[in-house]
Amino acid sequence: MIRARSAGLSAACATILTCPAYGQVDVPPDGLTVAPTVRMIYDDNVLRQNDDIIAGDKDDLRITPGVDVTFRKILGVHQITAVGSIGYDFHQRYDNLDRERISLQARGDVKISGLCYLRPRARLNFAQANLADQGEIVGNSERTQDYSVTAECDKPYGYYPVINLGYLTTDNSASSRRAFDIRTRTVGVGFAYSKASFGDIRLMFNYDAFRRPHYDGLDTEGRRMSSGADNYRVGLEFKRAVAPRLSWNAGISYIKTKARDDDVEDYSGLGYHVGAVYQPSPRVNVVLDVTRSTSNQSNTGATYVVQTDFSLRGNYKLGSRSSIQAGATYGRRQFKGELLIDTDTPRGTDKTTALFAGYRFALRSRLNAGFEFRHEWRESDVDRYRYKSTSSMLFIGLQL
């Protein structure tokens, strides 16, 4: 029901500062859009350090010139869509964090027979690894590639099978973080029943293989991170478009996660997902997403993570040339099987909350600009991982 993911992408595109490609460039109905864009982000705690234990300057200004690209092509009954951004980060104070920033998400709908489709997905993200997870200042590029494909037959009425396959890889450039590289393989099979007046319901079985290919079994004071875990999920998924203004999907599953090392505790419990899109008027759009799952995350020092995420965001069009966005996210993580490298105390659990808002407007027919604000804080039993951060971004882009 819920695919595994790496840290730093677990809330992918739920925040407005980390996923500019989707938040600031509309996908054209059919064609290619290229927009050179400059973003300036001021962050008063770019290192994600606790003010009570780390003294000195932590604020920084990051300037990222880049190119936003959106592409959509309809080929008869087939469709391809891609949204991405390519740029380079220049930091005013911490130039050791300068590096490329590449974000790309692509999907396709390929009809293979009457009502059957192949739906491939790809996601790439190359950027500075999340310093809030590393617990120390490391100039480390985290490179994630996530591929999946689903085969299904969307019948308007009746039963049909569903199969999905996925492969995710995250690599760290710093040699000191190579032990946290991850590989995740996913296989899912199930049966679905569809009826126009009822919706679509699926019974799914999923298996995830969490692996750390470069972990050598280092033991630290009796606490260790396993080289991987096996994750099993069985559950029901339901989706329905209630009305033109409201669509929603929900799922519940039983999760069993077993580490490859007997010294790391297993986990069993409920997983769930609830998503809804509400459009009370052509100008207003509200999106809700709630998820609980287990995942394989790089740079957390844990064998696996039990994670609960909440996201609520909305968009309001003030007119034909401007709009405002606002929302909030909340994430709670439980770390299982921790390796104590960055600190001598296990994190156990942490909670991260963020509030954000933004304003976008068209200066000219092809010239867009905007401002975004974000405040984020994390609560943790370990001082090193507890922080607050306030950031703001200005951007201007020219659509070619």
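**Cores, strands and salt bridges in a predicted model**

The largest nonpolar core has eight residues: Phe-210, Ala-229, Ile-255, Ala-259, Val-264, Tyr-267, Tyr-304 and Val-306. The elements that contribute two or more residues to this core are β13 (246-259) and β16 (302-317). Apart from it lies another core, of six residues, among them Cys-116, Cys-153, Tyr-160 and Val-162. A nonpolar core here is a set of buried Ala, Val, Leu, Ile, Met, Phe, Trp, Tyr and Cys residues joined through side-chain atoms within 4.5 Å. Buried means under 20% relative accessible area, exposed means over 50%, and partly exposed lies in between (1.4 Å probe, protein chains only).

This is a predicted model, in which local features need pLDDT of at least 70 and side-chain atom pairs count only at pLDDT 80 or more, while totals for chains, interfaces and linings use all residues. Residues are numbered from 1 along each chain as its sequence is written, and side-chain values use heavy atoms, with hydrogens and water left out.

The chain contains two helices and 20 strands. These are DSSP runs numbered from the N terminus (helices: H or I, at least four residues; strands: E, at least two). Of the 400 residues in the chain, 48% are buried. The accessible surface of the chain is about 18700 Å², and carbon and sulfur atoms account for 58% of that surface; areas come from the Shrake-Rupley method with a 1.4 Å probe, and for residues only the protein chains shown count as cover. Among contacts (heavy atoms within 4.5 Å) between residues at least 6 apart in sequence, 60% join residues at least 24 apart.

Strand pairing can be followed in two stretches of the chain. Two strands pair if DSSP finds at least two bridges between them. In one stretch, strand β3 (residues 78-91) runs antiparallel to strand β4 (residues 99-111), with 11 bridges, and Gly-84 stands opposite Leu-104 in β4. Strand β4 is in turn joined to strand β5 (residues 116-128) by eight bridges, again antiparallel. Within that pair, Ile-102 has Phe-126 in β5 as its bridge partner.

Strands β8 and β9 form a hairpin with three residues between them.

Which residue in β9 does Thr-184 stand opposite? The residue is Phe-210, which also belongs to the largest nonpolar core. Phe-210 counts as buried because its relative accessibility is 0%. Its C-alpha lies 8.3 Å from that of Ser-227, a residue 17 places away in sequence.

Asp-171 lies in strand β7 and Arg-183 in strand β8, so the pair ties together parts that are 12 residues apart in sequence. Asp-171 is partly exposed, with a relative accessible area of 22%, whereas Arg-183 counts as buried at 15% relative accessibility.

Asp-133 and Arg-347 form another salt bridge, with the closest N and O atoms 3.8 Å apart. Because Asp-133 lies in helix α2 (residues 131-134) and Arg-347 in the loop between β17 (322-338) and β18, the pair ties together parts that are 214 residues apart in sequence. Asp-133 is buried at 2% relative accessibility, and Arg-347 is buried at 2%.

Asp-51 and Lys-58 are also joined by a salt bridge, where the closest N and O atoms are 3.2 Å apart. Asp-51 is exposed, at 53% relative accessibility, but Lys-58 is buried, at 10%. Salt bridges also link Asp-109, Arg-119, Glu-152, Asp-200 and Arg-202 in a network.

Asp-350 is buried because its relative accessibility is 1%. Leaving out residues up to four places away in sequence, Asp-350 touches Gly-331, Arg-332, Arg-333, Phe-335, Arg-378, Glu-379 and Ser-380.

Note on methods: Salt bridge = Lys/Arg side-chain N within 4 Å of Asp/Glu carboxyl O.
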